[in-house]
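Take a look at the model first.

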Amino acid sequence: MTSFDTTPQLNVWRALLALAVVFVMLATTGWTALRQQRDKAPLPASLTAWEQGRIGGHRLPDPDSAPAALARFFASLTKAQRVGLAHRFPLAVGNMNGAPVKLRYRANRIALEQAREVERERMRDKRLTPAGQHQAGRRMNRFTALMSPGRQILAFDPSGPGRAAEVFGNLRAAERVSVVVPGVDTDLLTFQRTQRRYAAPVGMAQSLYAAEHTAAPSTPTAVIAWADYTAPSGLGMESAMAARAADGAARLGALLRALPGEARVSLFCHSYGSVVCGLAAPTLPGRVTDIAVAGSPGMRAESVTDLRTHARVWAMRDADDWIQDVPYLEVGGLGHGADPVSSAFGARVLSAREARGHSGYFVPGTDSLRNFAEIGVGAYRAVDCAHGNGLCRAGLSGAAASGRA
């Protein structure tokens, strides 16, 4: 665990080290965020078409309206009208906070089918290089997989590297909702993996959903694999700064304010995703009860108090996680602040025994996953604290949701 010596000399050394680390990463990885963007941006085009559309002789509402206002609009329509809008503006409806959840699933399936056909054509486009055609084939296969029966795609944007969110469980009926917020190198192609399954958002969410059911079989739960922000690519300048996280925090807040029902919500934030959650913390809706971070490079705060959140803050780090060697400070916008598992930060520090390095916190059978699941179902007195003590449970009362003491 990183110590916090506050001598001026050490702080200067850490600042220099942080800058050196950043420049070495840039030298070895290059400006990895510079990606070739597609000529067309489908989601903005769909939103523009929505803004120009009409139904029943009336203009459609501003797609950026408050979720409650949009929910009232959709509730005023007939089923046929709602389905018609999903077919006319699939990307707009599929990503619209306030639209009925099942309608979003339906709209995104339509959008996925359209995006798949675009990639199918690109595979045969002789103007593309073989590498470009191969990439189109990979994207087409990913879109086909996301269209598999039973999948509930809550958000989908094929633009650039792409964004997505998927729901496991019944979101409308859930009493507890968990949101998995992933870190760098998350896009449509890495949203789900066959190899290193539990290092990808879909695998993380599926594993957590199963573990929550084991922890509290009678508690209706839902888990969202939320990769609906543009994450940094690689360990370059963008991953050492907070611009992508700030955009992600705004998008995460918009999702949380639009969730149906009154279920309590927990955030599970991995790596750079904990920067997103840290920036979102001050404005989280009251239903968010917990923020749990794993393998965090920092939360853009020096302490839990600096997060200015009503939610409980939990932190864990595996002993073999390389993230512990990253300088925990922020200088001139570089770095993400204090170490969340340090005693000075003040988070409730959880056991991560048997977790596997930086990307293994959601692997079945680990303390890290069990702890996440207990938090997700509200079984706070059942969590295992770091160092074998009970400090992380201090001040918590109430029966464990799983029935465990």
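## Terms and basis

Buried means under 20% relative accessible area, exposed over 50%, and partly exposed in between (1.4 Å probe, protein chains only). This is a predicted model: local features need pLDDT of at least 70, side-chain atom pairs count only at pLDDT 80 or more, and totals for chains, interfaces and linings use all residues. Residues are numbered from 1 along each chain as its sequence is written, and side-chain values use heavy atoms, with hydrogens and water left out.

## R163 in strand 4

R163 counts as buried because its relative accessibility is 14%. R163 sits in strand 4 (residues 163–169); strands are DSSP runs of E, at least two residues, and helices are runs of H or I, at least four, numbered from the N terminus.

The R163 side chain makes a polar contact with the side chain of T230 (3.5 Å). Such a contact is a pair of N or O atoms within 3.5 Å; within protein, one must be able to donate a hydrogen and the other to accept it, and residues adjacent in sequence count only if both atoms are side-chain atoms. Leaving aside neighbours within four places in sequence, R163 is in contact (heavy atoms within 4.5 Å) with residues including L43, F156, D157, Y229 and R251.

## Helix 7

Helix 7 (residues 130–146) has 17 residues. Its buried residues include G132, Q133, R139, M140 and F143. The buried residues of helix 7 pack against helix 6 and strand 3 (152–157).

## Helix 4 meets helix 6

R82, V83, A86 and H87 in helix 4 meet L103, R106, A107 and I110 in helix 6.

Technical notes
Expected span 1.5 Å × (residues − 1).
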